[in-house]
Amino acid sequence: MTRRGLILFAALGIAWGIPYLFIKVAVSELDPAMVVLGRAGLAAILLLPLAFFRREVAPVVRRWKPMLAYTIVEIILPWYFLSSAEQRLPSSTAGLLLATVPLAGVAIAFAMGRPERLSRLNWLGLALGMLGVAALVGLDIAGSDLIAVAQMAVVVVGYALGPAILARWMSDLPGVGVVAVSLAATAVVYVPFVLLTGGWPTAWPSQAVIVSIVVLAVVCSALAFLLMVGLVAEIGPVKATAITYVNPAVAILAGVLVLGERVTVWTVVGFALVLAGSYLVTRRRRAPVAAEGPEAASAEQRLA
């Protein structure tokens, strides 16, 4: 990996590893819907001008049906349920549970009629991943927050389904345009939702909460996407998927060091099993050189 690639990798690992910490801080004073509105709205304001400048908005809007489906399953629902779950779960646990997205991706592929042939290592990965989730939910969380766990399940499925929609129906659309339009649509949806449900804050939030919303929008959303684009261009989409295994570690460290969250033996066991399972389930058999192009393109869409 080049020095530039290493810097981009480290920056993206941090940007995608710290959202859980800042969501935890934000929901201590704000309604989850307001957190989503603030994050999506500010990020859209930052990315839309770039998307318009690059003339990437119109092509995305013309493909509005799959675009709407992608926005719902990738942002509108997951961001709300993630914020709501973090009212009950430690931020580190939320980040770790999201490391199971590759496991859900296998099920999504079967459901969409595009199953991949699984090797013995892939099946072993599925088994290890499920054991890791069982260790977290049954022994670490101890069944005390099953509602939050169910909400995290919605997030995991959404995050696995979103890239599948991109790859199948919008693989030719520009990435910045897709993200900018999705964020803007999310903000538009949440404005009436926040007003009708009484989610608008009655008092000015504390400085820590305001900073959290700004970091979530600027660093964890707008900047993170641009870092991801740069990283894929620098080291390739396949190698860039390794970022998946860094984010949970960053989430755990951030939760422990900043919020004083506890790390149990079962947290460590679950962490090891989930990451090992995610690695094995996404491991592909070595293919001929001629077949590497389509596989790389597919990996890039999963990252988009």
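Me: What is the relative accessibility of E234?
Reply: This is a predicted model, and the value is computed from it. Buried means under 20% and exposed means over 50%. E234 falls in between, so E234 counts as partly exposed, at a relative accessibility of 29%.

Me: How far apart in sequence are the parts that R4 and E234 tie together?
Reply: R4 and E234 form a salt bridge, with the closest N and O atoms 2.9 Å apart. R4 sits in helix α1 (residues 3–15), while E234 sits in helix α11 (residues 207–235), so the pair joins parts of the chain whose separation in sequence is 230 residues.

Me: What relative accessible area does R4 have?
Reply: The salt-bridge partner of R4 is E234. R4 is partly exposed. Its relative accessible area is 48%.

Me: How many salt bridges does the structure hold?
Reply: R4 with E234 is one of them. E56 with R54 is another, and D172 with R63 is also a salt bridge. The structure's count is three.

Me: Is E56 buried or exposed?
Reply: E56 meets R54 in a salt bridge, 3.0 Å from N to O. R54 is partly exposed, with a relative accessible area of 44%. E56 has a relative accessibility of 8%, and the cut-off for burial is under 20%, so E56 counts as buried.

Me: How many residues apart in sequence are the parts tied together by D172 and R63?
Reply: The side chains of D172 and R63 meet in a salt bridge at 2.9 Å, N to O. D172 is in the loop between α9 (146–169) and α10 (175–197), and R63 is in the loop between α4 (57–62) and α5 (64–85), so the pair ties together parts whose separation is 109 residues.

Me: Is D172 buried or exposed?
Reply: R63, the salt-bridge partner of D172, is partly exposed at 27% relative accessible area. D172 reaches 55% relative accessibility, and the cut-off for exposure is over 50%, so D172 counts as exposed.

Me: Which residue sits in the loop between α3 (32–53) and α4, with the place of R55 in question?
Reply: R55 has a positive phi of about 55° although it is not a glycine. Most residues other than glycine have a negative phi. R55 counts as exposed, at 74% relative accessibility. The residue placed in that loop is R55.

Me: What is the relative accessibility of F193?
Reply: The ring partner Y80 counts as partly exposed at 23% relative accessibility. F193 also counts as partly exposed, and its relative accessibility is 35%.

Me: What is the angle between the planes of Y190 and F193?
Reply: Y190 and F193 form an edge-to-face aromatic pair, 5.7 Å centre to centre. They are three residues apart in helix α10, about one helical turn. The angle between the planes is 85°.

Me: Which residues do ring pairs link into a cluster?
Reply: Y80 pairs with F193. The cluster is made of Y80, F81, Y190 and F193.

Me: How are α5 and α10 oriented to each other?
Reply: Two packed helices are described by the angle and the distance between their axes. The axes of α5 and α10 come within 9 Å and cross at roughly 60°. The crossing is right-handed. The two helices are therefore oblique.

Me: Over the ring of which residue does the charged end of R39 sit?
Reply: The charged end of R39 lies 3.8 Å from the ring centre. The ring belongs to W79.

Me: What distance separates the C-alpha atoms of I23 and S212?
Reply: I23 lies in helix α2 (residues 19–26). I23 counts as buried, at 1% relative accessibility. I23 and S212 are 189 residues apart along the chain, and their C-alpha atoms are separated by 7.1 Å.

Conventions: Residues numbered from 1 in each chain as written. Predicted model: local features only at pLDDT ≥ 70, side-chain atom pairs only at ≥ 80, totals over all residues. Heavy atoms only, no water. Salt bridge = Lys/Arg side-chain N within 4 Å of Asp/Glu carboxyl O. Helix = DSSP H or I, 4+ residues; strand = E, 2+ residues; numbered from the N terminus. Buried < 20%, exposed > 50% of the residue type's maximum accessible area, 1.4 Å probe, protein only. Phe/Tyr/Trp six-rings, centres within 6.5 Å; stacked < 30°, edge-to-face > 60°. Lys NZ or Arg CZ within 6 Å of the ring centre and 35° of its normal. Axes fitted to C-alpha atoms, helices over the stretch in contact; angles between N-to-C directions. Parallel < 35°, antiparallel > 145°, perpendicular 65-115°, else oblique. Left-handed = near helix turned anticlockwise from the far one by under 90°.
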